[in-house]
Amino acid sequence: MTTPLLVALLAGAIVSGTPLLYATLGETLVERAGIVNLGLEGVLLVGASVGFAVTAASGSAWLGLGGAALAGVVVNLLFGWLVVARKANQLASGLTMMFFGFGASALIGARYVGAVIGGLPKWRPSWLADLAWVKATTLFDYDVLVWLAVPVALAVWWTLFRTRWGLGVRAVGENPAAAYASGRDPAVLQYQVLALGGLLGGLAGAELSLSIAMAWSEYMTAGRGFIAIALVIFSKWNPLRAIAGALLFGGAEALELQLEARGSLISPFLLQMSPYLLTILVLLAWGGARRLAAPASLGRTFYGSS
Amino acid sequence: MPERAQAVARFGAVSVLALAVFAAVLLAAGKNPLQAYADTFRHALASAYGFSELLVRMTPLLLAAVAVALPSRLGLINVGGEGQLYMGAFAAAAAALCLPGAPAWILLPFALLMGFLGGALWAAIPGLLRAAGLVNETVTTLLLNYVAPLIVGYFVFGPWRTAENSAYPQTAPFPQAALLPTFFGTRVHAGLLIALAALAVYWLVMEKTRWGLDMRAIGGNAEAAQRLGIPVRWWIVAALAIGGGFAGLAGMGEAMGIAGRLRQSLSPGYGFTGFLIAWLAGGRPLVILFMAFLFAIITSAGDTLQISQGLPYAVVNILLATILFVVLARRAR
């Protein structure tokens, strides 16, 4: 009963890439408005733990999903209050929220270690079920977050690049003073993208605990928040490129699992490094061209227009 | 000095506020916060052993903070202390494992050098990339944090794994001669002296030497420094490498002073905590010392929560985050 490696790999890449994609989309939105959120790892952890706790307590994975999204929003708005209202250093604030996420998720999840949940329901559409090479496996049964991942990425792209609101967000990320002068309030837009980013980050965490692992364990995100930050750079702050990037980085994770399952002697560590090394290589490749796609005011604090 | 009194008062207010918030969190979790604080105080500050453990924890934090503070004087942001720490431990372990028969007077200095070099070379990568004008050092140091533990993981799961207890991924114990001397029958090891020396060297070089003046000039205005003939690119690489070297020494201390072998779970985020300490202290050496001690107390509260309150150790990160949150929220300029 072995599935062909490539099929298993594709299915695995889609599953592993989904939480990365949601997290990356959230961070892309936030960075487009000029904010670096190193606390993404914390958002994922809080999303995963709250989602799992709510699901275990209520018996409904849908409530868990909602709880995770809400928790992500709350964490990002706390971060937003620091960096927008109090104009605190973004890197230090992000690391603070990362530590907060470590602690809060450990506290929330402590009671639910080893708890068993039903998880998010999985299915496949009928047109896909008829394909012969899919029929033999359950590999292409996905939950709602997987099915919605690409549409959400398209929606984020459309919002950023085809709506007035998205134009405002990007303007704030490039030049907040000019955005302010054209009648937009940078602070309001930044709060809005942080809330959206937190929602997507919370969902990414929920996908990990409610669908992939179906369990809570401390620090279960294992650096995926930082992989997503790398992925934002890798995909040049573009939600569409992020789809391919998430599939690639998810594929590395899937390959690692497959090799392990098949008793390969290739070390998994090299594969685990690949997202970080690839991102650095990509940065190098552009560095030569001196043309970074990064929002011009990324990481800078806007002190007002006066 | 009224200014200093003000600073102390502000610090007191921040602490009280943070402790109150964390107490509320503990209450919400159904625990007794007063009990937890009293236990922490009793274990960490009121007993000789507890105090020695604070010094043990403070050692890597001090080094990791200097690793950030030194490059920050040039305006460089080193978020990579965690990875540099791992590479230092890795290089020091290589020294200890490859020279099993050497006497301590050869092995210890050699491991010290290797530990420094391990962190320094790792940090030199972002330094070179930045100096060449290719990639910003913030991004590269951050990304390399996640590569270094995987290199350590490869070795402790692979070539360096012990034969005797292969269930646990770690190297064989280092030879006796490769262990840092400890003091007074506690776990306080020579790494503390190294850390204090590093802090002193940092202060001395920065404030009292021509080199420090050059580096501070770069931090003030890199272009002006360049025109004055200061080798800016060279200093960028050097400052990041020296900082990384100090973080590497922190890793060496954890491996050769505490564990006595190399493990993958070397550091619970000392590199990141070091960044926050250096940032909060604004690079001032005495404030770094004080902050490192304070953060050691906070993390020791984690032990208390685990042992007497039955909470996961990681919960203490909420207290850490709360203090930072309050400080960051105050710091509006």
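**Stop 1: a loop residue of chain B**

Select B:Phe174 and display its surroundings: residues up to four places away in sequence aside, B:Phe174 touches B:Ala96, B:Leu179, B:Met256, B:Gly260 and B:Arg261. Two residues are in contact if their C-beta atoms, placed from the backbone, lie within 7 Å. The model is a predicted one, in which local features need pLDDT of at least 70 and side-chain atom pairs count only at pLDDT 80 or more, while totals for chains, interfaces and linings use all residues. Residues are numbered from 1 along each chain as its sequence is written, and chains are lettered from A and ligands numbered from 1 in the order in which they are written.

B:Phe174 lies in the loop between α6 (137–157) and α7 (191–208) of chain B. Helices here are DSSP runs of H or I with at least four residues, strands are runs of E with at least two, and both are numbered from the N terminus. Is B:Phe174 buried or exposed? B:Phe174 counts as buried because 23 C-beta neighbours lie inside 10 Å. The term buried requires 20 or more other C-beta atoms within 10 Å of the residue's own, exposed means 12 or fewer, and partly exposed covers the range in between, with C-beta atoms placed from the backbone. For a distance check, pick B:Pro149: the C-alpha atoms of B:Phe174 and B:Pro149 are 19 Å apart, at a sequence separation of 25 residues.

**Stop 2: helices α4 and α5 of chain B**

Next select residues 81–98 (α4) and 104–131 (α5) of chain B, whose axes come within 7 Å and cross at roughly 145°. The axes are lines fitted to C-alpha atoms, for helices over the stretch in contact, and angles run from 0 to 180 degrees between N-to-C directions. Among the α4(B) residues that meet α5(B) are B:Gly83, B:Met87, B:Phe90 and B:Ala96, and the α5(B) side includes B:Leu107, B:Phe110, B:Met114 and B:Trp122. By class, this contact between α4(B) and α5(B) comprises 16 nonpolar, 6 polar and no charged residues. Nonpolar denotes Ala, Val, Leu, Ile, Met, Phe, Trp, Tyr, Cys and Pro; charged denotes Asp, Glu, Lys and Arg; the others, Gly among them, are polar.

Now centre on B:Ala89, which is also placed in helix α4 of chain B. B:Ala89 is buried, with 30 other C-beta atoms within 10 Å. Leaving aside neighbours within four places in sequence, B:Ala89 is in contact with residues including B:Gly251, B:Met252, B:Leu262 and B:Leu266. B:Ala89 and B:Met256 are 167 residues apart in sequence, yet their C-alpha atoms are 8.1 Å apart.

**Stop 3: the nonpolar core**

Colour the nonpolar residues. The largest nonpolar core has 220 residues, and those with the most contacts inside it are B:Leu63, B:Ala65, B:Val66, B:Ala92 and B:Ala111. Such a core is a set of buried Ala, Val, Leu, Ile, Met, Phe, Trp, Tyr and Cys residues joined through C-beta atoms within 7 Å. Helix α10 (residues 232–259) of chain B supplies the largest share of this core, 16 residues. Pick B:Ala111: apart from residues up to four places away in sequence, B:Ala111 touches B:Ala92, B:Ala95, B:Ala96, B:Ala178, B:Met252 and B:Met256.

Then move to B:Ile288 in helix α12 (residues 285–309) of chain B. B:Ile288 is buried, with 25 other C-beta atoms within 10 Å. Sequence neighbours up to four places away excluded, the contacts of B:Ile288 include B:Leu62, B:Ala65, B:Val66 and B:Leu199.

**Stop 4: the side of chain A that touches chain B**

Show both chains: 35 residues of chain A are in contact with 34 residues of chain B. On chain A, select α4 (90–109), α11 (224–234) and α13 (268–289), each of which supplies at least two residues of the side that touches chain B. Which helix gives the most to that side? It is α4(A), with 12 residues. The residues of this side of chain A divide into 22 nonpolar, 10 polar and 3 charged.

**Stop 5: the whole chains**

Finally, zoom out. Chain B has 13 helices and 0 strands, and chain A likewise has 13 helices and 0 strands. Of the 333 residues of chain B, 51% count as buried; in chain A, buried residues make up 54% of 306.
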